[in-house]
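The sequence and the model are shown first.

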Amino acid sequence: MAVPVPRPRARYTLDKILRMSSTDSVSVDGAESSTKPEVISEDPDRAENGVGDVSGPRDIGGEGADVRFFRPPLLFTSALADEGTRFSSEWTKDSTSDSSADESPSTPVSKKQEELPDVQPSGQQQTPALVSQVATVPCQNPPVHSSVQKNPARTKKPRAATIRVSRRKPAGSKTQNNQEPGSSRSETAVSRSSWLDVWKGRKHNVLWVTFDGQLMSLWKKRTEKFTEYVFHVSSVSSVQQQDRGRFSICFKKKRLEFMAHNEAVQEGWVLSLHASRGREPPAPPQHHGSLTMKDPRAKVYGAISGHNLWIYNSKEDFNLGLGWMLVSMSVASVKQTGRHNFSLITPYRTFNFSTDSSRDLPVWLNVLNEVIRSALSCSEVALRLWASPWNKVCADCGSSNPEWASINLLVVICESCAGVHRSMGSNRSKVRSLKMDSKVWTEPLIELFVVYGNKAANNVWGHNVPARDQLLPDCSLDARTQFIHDKYCRGLYRKTHPLISNQTLLNKRLCEVVRGADIEETLSLLCSGAKDLSALSLAEGSGQALQTELLRHNEYTEAPPVHQQKPPQEQVGLEELHGKLYDERFLFSQENDSAACDVLDLREVVSVFNVSTGQHFEFQILTLTDSLTCSADSLESLLQHMKHIIKVVMPGPLVNEELLEVMAVSQLSLREGNGLQHAEVWASLRPGEMFIYPTLPHTPRSTIALNPHTHYSLITADKTIQLTTAEKTLYLQFELEQSCRSWFDLLNKAVYFERSIQRPVYQLPNEMRGTIPAELERCISHITLYGLKVEGVYRRCGTATKISQLVEQLRSAPDAAVLGTTELDVLDVAGALKLILRKRQELIPTSEKHEWVKAAAYTLETERLFQYRRLIKDLPPDDRATLSALCGHLYVVQLHSQVNRMTAHNLALIFVPTLFQELAMNTDMVRLTKELIIHHTLVFLSKEESRMEEDIITVF
């Protein structure tokens, strides 16, 4: 006789629920009883994230059918939630049916949903679900049903605004078709572009969305070359219009949700998507398979279709047609980098892939090379120029495989742009074909284009092209002509040379530069109007073949006028917006919680100014095309927003203390004394000092002290400030006149400031009793501000006499002592700190040192740390506070060991003689000192103090 198998408790509970719910009457036509069951969400992404969102009804089983799926309310307790949810998902899967071709089918509940069951808390009544009828949106193609959801539960909301923003509103910022300002794509009944809030499951982002009637592409920025999502319209199964500017695009098993900033934009998108229905799907891919992408490392699925490589997040997305990005093979080259690896090189990014096996690698390489060869059928000159990824796209509009070039401007361009270049005249642009004009293409000229070409030329001629002015391949002839004339005839986007206002110095600098290999500065000089008949012979005499070739083709050309400016757009008053910072972007919305209507890439910011007065907390942001004033409710909020922006735009990591009391930050060109060489830098202004941050890597920053004896003057014509200190004279040249004037106005406040007692960077938590010697505290604060990036800051020695003088000054008047900020001055302060500690009474009494030796000898680290805590608690309060401040400071120093080379071990070797004198040769005591530095928070502070310490010292 078979042994009876007991029935699972969860299955029994679920069956009981089903029997209880079967008594509830559910009407198909919409009439429901008083007890309404919960509606199953039709969003698979939400189901994967465990969000029991209420969704609109499904149109299942063909046109005219109105069938709704429900699941009964979960009545079992949380103890049974895991098993119950699993059986509930099985019941859900069995109760659904296949959908029509135009609607998204139902899918089983995923594993993530099993982990996060939608359990109704006890004692809480469920909210009835409101389900609307299916509405049919008329269009020219076969009818498509769009579900209109009136009151969705758990509505996904955009990020709330955190600051108020005012900016000038240009006239005609909206076209009749509700086109976003700055979009160069022409709007039609189908094509469209705008900023939209986008959700995929719980993942939210604000993306620039474009649609050309075939492909819908979602970009993080307008200027991005690779998308966040891309799909062909034939992959869409349905489009659902909702309220408050919302709509969703459904695939077979997934959907993307969108929110426009107003209903007109929403309506335009829905109509465009409906008008594009019925398009033929793309041809099947020539090859597809799984790949591993590096940087970021991820398992992806690749498919070669036409002349593009489509990259999908998974094979499931490949089957759905929801791509991550596509890479055009017409601008790419491929090479093998290992047994399983290959690289795909484009002008904008290099993709590194690895195949699952060595047998797959030759298949991918052969197919990719075949597609690239089919896209490139041209002359030898073109193939050599296209060897540089930057030359594989038009320098003006971005079209692939350009077959023309302007040999004096050093740009490779497409046929459409070449026609406009010819219309400018040969004194502006000398246009030559890569195929037909073979005689002009000498070896130096080809090398000039391969090494520099479009990259160097656009760094000069297209230095300041705003995102909204950028040309697209499918633009109109009028837009193409206007842009190219603005770029080369008027020089509106060029990178003018700092000496442009002085023709004599400009010509002199040209003669200096052509003797070297800096082609980019030569281009900048030529486009700024530099002319000198001797420059060509100087370049030839110096053996600079590339400089000679460039000068020869520019010998009889004309540069744009010096003071050309783009005509200002007509202004129609201020536009009040709500702003929210998100990573490297500033999102703007018309209401506090509405979708974003515009996005500013913070990398476009050239200046930030604190313009607060009294209780009005405001700061100003300047870009090359716009000026924004941001208003905050409190000083703390204003500083938080300013610091976020400054950390994005400034080169290299910043310490929080460098941002204290910051008044201005600007990008500028710096020239020192009578020299003609300039450097591109960022500068920040604080009371009493100015920091210079070079943009070149591995270049140390510098500090300029400001005082009432500092002389400064404004040179309006050059947008330059002349700053004279006791040591040197600097010329600060700004990109914008407004930046120059604002900086000049704030200099007066920075120079004539009242020095307050410096607040130490390191502060003891309130719970820790004891005081730190003022002279030691001043040294720690100064080195934290100015010495963290000084190599060997505690290993190298300063000047002995100066160190002794500093110690005497610090002991007599710690706050009045003048501490320098140069590298040598910082080394002197570090030496003073060590000398102060050596002359001070012992931090660890001699009678207690044998206990420290015993603690250091323990084998287990956890036991050693426990003993350290016990011994530290027995120290006098002042000694304990001083030791804690020292070890906390050394912990911050070793965080920057990649720059200053001061690791925790090196610091322990330096400071163990100071702490333990005759025991310094004991390796256990070196390890003890190292552990006091590394585990400073754990050893010195309680949990509450540890949390406070994290707020006090923050290093970036």
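## Overall architecture

A residue is called buried here when its relative accessible area is under 20%. By that criterion, 51% of the 956 residues in the chain are buried. The model is a predicted one.

The secondary structure comprises 29 helices and 36 strands. Of the contacts in the chain with a separation of 6 or more, 62% link residues 24 or more positions apart. The chain exposes about 44400 Å², and carbon and sulfur atoms supply 50% of this area.

## Salt bridges

A search of the whole structure finds 23 salt bridges. One of them joins the side chains of Arg164 and Asp633, at 2.8 Å from N to O. Arg164 belongs to strand E5 (residues 163-170), whereas Asp633 is in the loop between strand E29 (627-632) and helix H17 (635-649), so the pair ties together parts that are 469 residues apart in sequence. The two partners can also be described by accessibility: Arg164 counts as partly exposed at 39% relative accessibility, and Asp633 counts as exposed at 65%.

Asp317 and Lys254 form another salt bridge, with their closest N and O atoms 2.9 Å apart. Because Asp317 lies in helix H6 (residues 315-320) and Lys254 in the loop between strand E11 (246-250) and strand E12 (255-259), this bridge ties together parts that are 63 residues apart in sequence. Both Asp317 and Lys254 are buried. Arg509 is paired with Glu521 in a salt bridge whose closest N and O atoms are 2.8 Å apart. Here the partners are in helix H13 (residues 503-513) and helix H14 (residues 519-527) respectively, so the pair ties together parts that are 12 residues apart in sequence. Arg509 and Glu521 are both buried. Salt bridges with shared partners also join Arg167, Arg222, Glu575 and Asp598 into one network.

## A buried arginine without a salt bridge

Arg480 is located in helix H12 (residues 477-489). This residue is buried yet has no salt bridge. The nearest side chain of opposite charge is that of Asp474, 7.2 Å away; a salt bridge would require a nitrogen and a carboxyl oxygen within 4 Å.

Which residues surround Arg480, leaving aside its neighbours within four places in sequence? Its contacts are Cys397, Cys414, Ser416, Cys417, Val420, Leu471, Leu472, Pro473 and Cys475.

## Aromatic groups and charges over rings

Across the whole structure, 20 aromatic pairs are found. In the pair of Tyr312 and Phe318, the ring centres are 5.4 Å apart and the planes are at 80°, so the arrangement is edge-to-face. Tyr312 and Phe318 are both buried. Phe226, Phe342, Tyr348, Phe351 and Phe353 form one aromatic cluster.

Charged ends of arginine residues also sit over tryptophan rings. The charged end of Arg222 is placed over the ring of Trp208, 4.5 Å from its centre. Arg222 is also a member of the salt-bridge network with Arg167, Glu575 and Asp598. The charged end of Arg422 sits over the ring of Trp404, at 4.6 Å from the ring centre.

## The surroundings of Phe586

Phe586 is part of strand E25 (residues 585-589). Its relative accessibility is 0%, and Phe586 therefore counts as buried. Leaving aside neighbours within four places in sequence, Phe586 is in contact with Ile163, Val165, Gly579, Lys580, Leu581, Asp598, Val599, Leu600, Leu602, Ile621, Cys630 and Ile645.

Phe586 and Asp601 are 15 residues apart in sequence, and their C-alpha atoms are 6.5 Å apart in space. Among the contacts of Phe586 is Asp598, which also takes part in the salt-bridge network with Arg167, Arg222 and Glu575.

## An enclosed helix

Helix H16 (residues 545-553) is largely enclosed by the rest of the structure, because 7 of its 9 residues are buried. These buried residues are Leu546, Gln547, Thr548, Glu549, Leu550, Leu551 and His553.

Against which helices do the buried residues of H16 pack? They pack against helix H10 (443-451), H13, H14 and helix H15 (534-541). H13 and H14 carry Arg509 and Glu521, respectively, the residues joined by a salt bridge.

Methods: Residues are numbered from 1 along each chain as its sequence is written. This is a predicted model: local features need pLDDT of at least 70, side-chain atom pairs count only at pLDDT 80 or more; totals for chains, interfaces and linings use all residues. Side-chain values use heavy atoms; hydrogens and water are left out. Helices (H or I, at least four residues) and strands (E, at least two) are DSSP runs, numbered from the N terminus. Buried means under 20% relative accessible area, exposed over 50%, partly exposed in between (1.4 Å probe, protein chains only). Contact means heavy atoms within 4.5 Å. Accessible areas come from the Shrake-Rupley method with a 1.4 Å probe; for residues, only the protein chains shown count as cover. Lys and Arg count as positive and Asp and Glu as negative; His and the chain ends are not counted. Rings of Phe, Tyr and Trp (its six-membered ring) pair if their centres lie within 6.5 Å; planes under 30 degrees apart count as stacked, over 60 as edge-to-face and the rest as tilted. A charge sits over a ring if NZ of Lys or CZ of Arg is within 6 Å of the ring centre and within 35 degrees of the ring normal.
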